[in-house]
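Here is a short report on how this chain packs.

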Amino acid sequence: MSENLTGRFDPEYFIKMAVRTSRALEGGHRLGDFVQDGYRVVYENTKAIPRIEGEELSLPYFLQSADITTPFIDEASLVCVPEAEWLRYPKGRIREGELLIEVKGKAEKIAVVPPNFPAKTLVTGTCFKLTTKQLWQRSLLAAYLIGRHGKVLKDRLKTNLLVAYIAKDDLYRIPVPKFSSSLNEMVHEFVEASLEIRGQILAKQSEAELCMLEALDLKEWTPADPLTYTGRLSDFALEQRWDAQFYRPKFNDLTRLHKEKFDLFDLKGLLLKGRTVPYSSEGDIPIIRSGDLTDIEDETRLYKSNSSEPIFYLEKGDVLISSIGFGSIGKVHVFDKEGKFGTVSEVTVIRQTDLNPYYLAAYLRSELGQLQIERYITGATGQLHLYPRDVEKFLIPILSKTEQQKFELLHNEARKLKTSSGTLLEAAKRVVEIAIEDGEATAFTYLGQVREVIYGATT
């Protein structure tokens, strides 16, 4: 019954590794010892608003767990909420430097709110947000909680059979290793170096967006978006759409500008749909779901299916579009992984060989492509859909092969930076794991072996 303050008797609580780790860390810190300020907001009936619509009204952003790719936050995928929510939930406002810990659902993700993050942002109630008394404590917690010892101790505290949840008191009681100041400083150095690469990644993304606007001669274009406008009955008959949003002038203006300056690539006949098959944490074929298109690089997040199932297999160069779900709909990724992967019916697949897939994906992710996606999304909040029959109507400007190649180069540069960031974070995690299992002397030996390799790879 030691440590078992809530009287747990379920077998999950007594997993051998969790018991061993807890005993190994006796006499150390508790997570709560590091916390300066911490809070989790419970929202009531919060209405999510599409990002483009919300930005037009200067509404606050809303950060969901799906936006987190440990330890980063995908700013481009944020949605918005009404201004009233910003006023009603002041403790849900995130601040630069806060550590976000997912405590509901899978309860696996960790992120640090970076500098220059949109200031007017609320964080989901599935995450606990906290500030530490000292910066090195934030780094240690981040490296420890994504490592196997912190993860197993966090997992054992999950309660509720339907939606797993970690209570604040249990979170604060998680044992944290007590290291020397020298080792803490090294862990902090690695974690901070990993986080600092974020700025370089964002710079590459901005460069791609600017490159797109320049290539399409739309750098100075400001889309017309009047409060009132008139539609033609013939257009209603042709499109079979009766919602006024579909006929906003900016959509037609974009199409007109593309047609005036470029030949346009037609997607008709190039679209495929995935196939939903049973999947779980076990299996031999990773399955990419709609929500996974935030980051398909991290294969540990993917569920798997058995090869005996009628899986829709992806091919290199396929461009994937998330076609369902608020917050994930409209995300775009190029599939370029080795090995066999499948995808579900909620993912639309563009399979073609005429355009560079990285250019096609960059266009669809850009402000211009998202305008086309926004136009054809149907349904109500929470039940949004983007059907292949509508994606077929997208018009893609055809650039020269040289211009298209630029976007593949920018993608590869951003991926290299992301890999470097992941390598640094993995090193910090391993240092903590080794120090817990084999002592600090062995951890410092490991540091000596990898330090030159890591910094050589990130220079």
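Predicted model: local features only at pLDDT ≥ 70, side-chain atom pairs only at ≥ 80, totals over all residues.

## Burial and the cysteines

A residue is called buried when its relative accessible area is under 20%. Cys211 has 14% relative accessibility, so Cys211 counts as buried. Cys127 has 1%, so Cys127 counts as buried too.

How many disulfides are there? The count is 0. A disulfide is a covalent bond between the sulfur atoms of two cysteines. The cut-off for a pair of sulfur atoms is 2.5 Å. For Cys127, the closest cysteine sulfur is in Cys80, 18 Å away, so the gap is too far for a bond.

## Two nonpolar cores

In soluble globular proteins, nonpolar side chains tend to be buried together. Here the largest nonpolar core has 53 residues. Those with the most contacts inside this core are Leu31, Leu99, Ile101, Tyr144, Leu171, Phe190 and Val432. Helix H14, residues 401-438, gives the most to this core: 10 residues.

What does Val432 touch, beyond residues up to four places away in sequence? Its partners are Leu140, Ala143, Tyr144, Pro177, Phe179 and Val187.

## Helices H11 and H12

Two packed helices are described by the angle between their axes and the distance between the axes. For H11 (residues 357-365) and H12, the axes come within 4 Å and cross at roughly 70°. H11 is therefore roughly perpendicular to H12.

H11 brings Tyr363, Leu364 and Arg365 to the contact. H12 brings Glu367, Leu368, Gly369, Gln370, Gln372 and Ile373. By type, the residues of this contact divide into 4 nonpolar, 3 polar and 2 charged.

H12 (residues 367-376) is mostly covered, with 7 of its 10 residues buried. The buried residues of H12 are Leu368, Gly369, Leu371, Gln372, Ile373, Arg375 and Tyr376.

## Asp318 in its loop

Where does Asp318 sit? Asp318 lies in the loop between strand E16 (312-313) and strand E17 (319-322). Is Asp318 buried or exposed? Its relative accessibility is 1%, so Asp318 counts as buried.

Setting aside neighbours within four places in sequence, Asp318 is in contact with His333, Val334, Phe335, Val349, Ile350 and Arg351. Asp318 and Tyr358 are 40 residues apart in sequence, with their C-alpha atoms 9.8 Å apart in space.

Methods. Residues numbered from 1 in each chain as written. Heavy atoms only, no water. Core = buried A, V, L, I, M, F, W, Y, C linked by side-chain atoms within 4.5 Å. Buried < 20%, exposed > 50% of the residue type's maximum accessible area, 1.4 Å probe, protein only. Helix = DSSP H or I, 4+ residues; strand = E, 2+ residues; numbered from the N terminus. Contact = heavy atoms within 4.5 Å. Axes fitted to C-alpha atoms, helices over the stretch in contact; angles between N-to-C directions. Parallel < 35°, antiparallel > 145°, perpendicular 65-115°, else oblique. Nonpolar A, V, L, I, M, F, W, Y, C, P; charged D, E, K, R; others polar.
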